[in-house]
Amino acid sequence: MTTTEIKTNDRTTTEATTVRPNPATPRLNFAKAAPKVFRAVIGLDAAAREGLDPALVELVQIRASHVNRCAYCLHMHTTDARKAGESEDRLHMVAVWQEADHFFTDRERSALALTDAVTRIGDAGVPDEVYDRAAAHFDEEELAHLLALIFTINTWNRIALSTAKRAGTDER
C-alpha cells in the first residue's frame with residue numbers, strides 16, 4: 001500500500017492507494033462477464049453516433065479519455081482518428097483545446113467544452129453558458145446525440161479503467 005498527499009487550497013489530505021502487483025493483467029473480461037450489459041453499451045454507442053460527424057465523434061471521445069486519464073480509450077480513439085484522416089496537429093491539441101482554439105471550429109470547441117463539463121459533472125454541473133454554447137451549434141436532435149456520445153465514452157472509460165484494460169491492446 002502506498003499513500004499520496006494531496007494539497008488543495010490550505011488543506012492536505014492523505015489518500016491510501018493499493019498498488020496492483022501486475023497492472024498488466026486485466027482484472028476481468030467485462031464483455032464475457034456481462035454480455036447483455038456490454039451489448040447494451042455498444043447499442044447506446046452506435047445510436048449516439050448517428051447523425052454526428054465522425055471526426056467530431058473522435059474528438060469528443062479523445063477529450064473525455066484525456067480528462068478521465070483512460071490510456072486504453074485514448075490510444076484506441078487517436079488510432080481511429082488517424083485512420084479517418086485526422087491531422088497529428090489537431091490530435092495533439094485536443095488536450096489543450098482551450099489554449100489552441102484556432103485548431104478547432106466553433107462547433108467543435110462547443111462540443112469539447114460540453115464534453116469537459118459533462119465528464120467533470122461533479123465539479124460544477126453543466127454550466128448554462130456551456131450548454132447554451134453547444135445548443136447554438138447543434139440542433140436539438142444533434143445535441144441529444146452529442147450528450148449520449150459523451151455519456152457513452154465516459155462509460156467506456158470507466159469500464160476500461162475499472163477492468164485494467166491495457167493501452168495498445170485495442171481489444172474491442
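Hi everyone, let's begin with three rings: Phe30, Phe38 and Trp156 form one aromatic cluster. Before I go on, please keep in mind that this is a predicted model.

So, how many aromatic pairs are there in the model? The count is 2. Let me show you one of them, Phe38 with Trp156. Their ring centres are 5.4 Å apart and their planes stand at 70°, which is over the 60 degrees needed, so this pair is edge-to-face. Now look at where the two partners come from. Phe38 belongs to helix α2, residues 35-49, while Trp156 belongs to helix α9, residues 140-162, so the pair ties together parts 118 residues apart in sequence. Buried or exposed, would you say, for Phe38 and Trp156? Both Phe38 and Trp156 are buried.

Let me step back to the whole chain for a moment. It has 9 helices and 2 strands. The chain holds 172 residues, and 37% of them are buried. As for contacts between residues at least 6 apart in sequence, 61% of them join residues at least 24 apart.

Back to α9, please, and to two helices that pack against it.

Take α6, residues 106-119. Helices α6 and α9 pack at an angle of about 50°, and their axes are 10 Å apart. The two are therefore oblique to each other, and their crossing is right-handed. Which residues of α6 and α9 make the contact? From α6 we have Arg107, Ala111, Leu114, Thr115, Val118 and Thr119. From α9 come Glu142, Leu143, Leu146, Leu147, Ile150, Phe151, Asn154 and Arg158. If you sort the residues of this α6 and α9 contact by type, you find 8 nonpolar, 3 polar and 3 charged.

Now the other helix, α3, residues 54-68. Here α3 and α9 pack at an angle of about 45°, with 9 Å between their axes. That angle makes α3 oblique to α9, and the crossing of α3 and α9 is right-handed. On the α3 side, the contact is made by Val57, Val60, Gln61, Ala64, Ser65 and Asn68. On the α9 side, it is made by Leu146, Leu149, Ile150, Ile153, Asn154, Asn157, Arg158 and Leu161. How do the residues of the contact of α3 with α9 divide? There are 8 nonpolar, 5 polar and 1 charged.

Let's start with Arg69. Its phi is near 60°, a positive value in a residue other than glycine. You will find Arg69 in the loop between α3 and α4. With a relative accessible area of 72%, Arg69 is exposed.

Then there is Ala164, in the segment after α9. Phi of Ala164 is near 60°, again a positive value in a residue other than glycine. Is Ala164 buried or exposed? Ala164 is buried, with a relative accessible area of 11%. Ala164 and Cys70 are 94 residues apart along the chain, and 9.7 Å separates their C-alpha atoms.

Definitions and conventions: Residues numbered from 1 in each chain as written. Predicted model: local features only at pLDDT ≥ 70, side-chain atom pairs only at ≥ 80, totals over all residues. Heavy atoms only, no water. Phe/Tyr/Trp six-rings, centres within 6.5 Å; stacked < 30°, edge-to-face > 60°. Helix = DSSP H or I, 4+ residues; strand = E, 2+ residues; numbered from the N terminus. Buried < 20%, exposed > 50% of the residue type's maximum accessible area, 1.4 Å probe, protein only. Axes fitted to C-alpha atoms, helices over the stretch in contact; angles between N-to-C directions. Parallel < 35°, antiparallel > 145°, perpendicular 65-115°, else oblique. Left-handed = near helix turned anticlockwise from the far one by under 90°. Contact = heavy atoms within 4.5 Å. Nonpolar A, V, L, I, M, F, W, Y, C, P; charged D, E, K, R; others polar.
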